[in-house]
Amino acid sequence: MVGISLFGSKPSFKKGDMVYAWTTNAGLAEKAECGGAVTGLLKFALEQKMVDAVLAVKKGQDIYDAVPFLITDPAKMSEAAGSLHCGTLLLSKLVKKYLDGAKNKKIGISVKGCDVMGLYEIAKRNEINLNNVLMIGVNCGGSVSPNIARVMIREKYGVDPDVVHKEEIDKGQFIIEYKDGHKGISMDELEEQGYGRRSNCRRCKYKIPRAADLACGNWGVIGDKAGKATFVEVCSEKGAELLAKAVASGAIATQAPDPKGIEIRGKTENAMFKLGDKWRKKDFTSLGKNLWETIQKETSRCIKCYSCIENCPVCFTAAEALTKDSLMVKAGDVPPGQMFHLRRFAHISDSCVNCGQCEELCPMDIPMALFSHAVRVEGDAAFAPKLGPSAYKN
Ligand code: FAD
Ligand code: SF4
Ligand code: SF4
């Protein structure tokens, strides 16, 4: 059933329910992307001590600088409201690296699909305790690399990127707001010309993060609530409990979604799957018939900085092994021998989540994510029927 069930005066929700939701806090509502349900729910969880801290994202120097933000004081939650589409960072590994894998603290976290998949992959390796993690998912059509965004705004929009104070992606357009006005260009047009979303995001098919506790977005909010409410899908009992308590306390208000809105959301998700398939075909075909030859050519400029290993949510154990002399990799060789890369591919090939961190952060612009993603997708096609169910499907 879709919507809220009311038993007595207590709101109750269950997995699969969908609602339009919004914060009742005027300050949060003003800063939020849509209805502010994400920030309102995380603030409520912190106030009620359902979590000890919240890990979210906030604006750093400017709109191209999305930084992770750990919040323990609910009064600071509003700093994290709003979406940063040039925020290409991945939060999952930070939970392991700096928050002790949530082993001793309860962490609330706002997560895109790749953050969710990263958390699950790290948890499979016993480095994160998911029981202590409350995931508020945000739907994700894709993010734009900050460097590309700056070039794109200068060259395609004819605007100085430093005067842009807000960006948004709406109805297939990348829209900027700046001192003298606003301008939108269709994402399809931008991407055909090499701008737009990161290449891994174009191939991504995990748009509504249903492996989180709640999946929140703007798709499907129509009518007088458009832009003023967040579309929330309940994905777990934990998510249902949080939403019910927040509604009961008055922190969050809800109404049943417009059935037409639900239909539109479903159609949009399907259109994004098709677009993802189109980009997969295009990108994977571009690799040519001999993938290993292409990898060898591209990685010949590797400076062995370890960034692709350090930032990969799947590849942390190998990092230690790869820094030492081993039977396969000799320490100190730059560029490293091909076994350096081959070993990494072997290590991650069945679990790459296509988060794009390796490629985004490679100082030599080596398309590592494309290689890993192509290998994983091919592996899935060959072996997936024999694998058990996955927490997420991407
Ligand atoms: P708010 O209360 O404003 O909270 C937003 C939350 O998102 C905050 O916790 C903030 O810390 C976090 N956040 C901001 N930027 C990032 C980032 N780069 N990475 C991780 N977390 C971040 N919704 C759709 O329905 N369709 C889409 O195609 C779509 N694409 C998106 C693409 C990106 C890159 C992002 C970040 C969000 C996207 N969303 C999309 C979600 C949408 O923009 C809103 O976040 C969502 O509707 C919740 O609205 P809200 O007002 O409740 O959020
Ligand atoms: Fe969003 Fe997918 Fe790109 Fe992650 S990989 S930022 S979930 S489109
Ligand atoms: Fe080599 Fe790039 Fe990886 Fe650095 S990030 S080790 S340069 S492939």
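Predicted model: local features only at pLDDT ≥ 70, side-chain atom pairs only at ≥ 80, totals over all residues.
**Exercise 1.** Which residues come nearest to ligand 1, and how does its shell divide by residue type?

*Solution.* Start with the residues around the ligand: there are 28, and C34, G36, T39, G82 and N218 come nearest. Next, sort the shell by type: twelve of its residues are nonpolar, 14 are polar and two are charged. Then turn to secondary structure. Both α2 (37-47) and β4 (53-59) supply at least two residues of the shell. The largest share, three residues, belongs to α2.

**Exercise 2.** Find what lies close to the oxygen atoms of ligand 1 in T39, V57 and S110, and say how much of the ligand's area the protein covers.

*Solution.* Take the side chains to begin with. In T39, a polar side-chain atom lies 2.5 Å from an oxygen atom of ligand 1. For S110, a side-chain N or O atom is 3.1 Å from a ligand oxygen atom. Now look at the backbone: V57 places an N or O atom 2.8 Å from an oxygen atom of ligand 1. Finally, consider the cover: on its own, ligand 1 has 890 Å² of accessible area, and the protein covers 97% of it.

**Exercise 3.** Is C204 buried or exposed, and where does it lie?

*Solution.* Locate the residue: C204 sits in the loop between α7 (199-203) and β11 (214-217). Now apply the cut-off: buried means under 20% relative accessible area, so C204, at 16%, counts as buried. Leaving out residues up to four places away in sequence, C204 touches G276 and N354.

Key:
Residues numbered from 1 in each chain as written. Chains lettered and ligands numbered in written order. Heavy atoms only, no water. Near = heavy atom within 4 Å. Polar contact = N/O pair within 3.5 Å; in protein donor to acceptor, adjacent residues only side chain to side chain. Areas by Shrake-Rupley, 256 points an atom, 1.4 Å probe, with all protein chains shown as cover. Helix = DSSP H or I, 4+ residues; strand = E, 2+ residues; numbered from the N terminus. Nonpolar A, V, L, I, M, F, W, Y, C, P; charged D, E, K, R; others polar. Buried < 20%, exposed > 50% of the residue type's maximum accessible area, 1.4 Å probe, protein only. Contact = heavy atoms within 4.5 Å.
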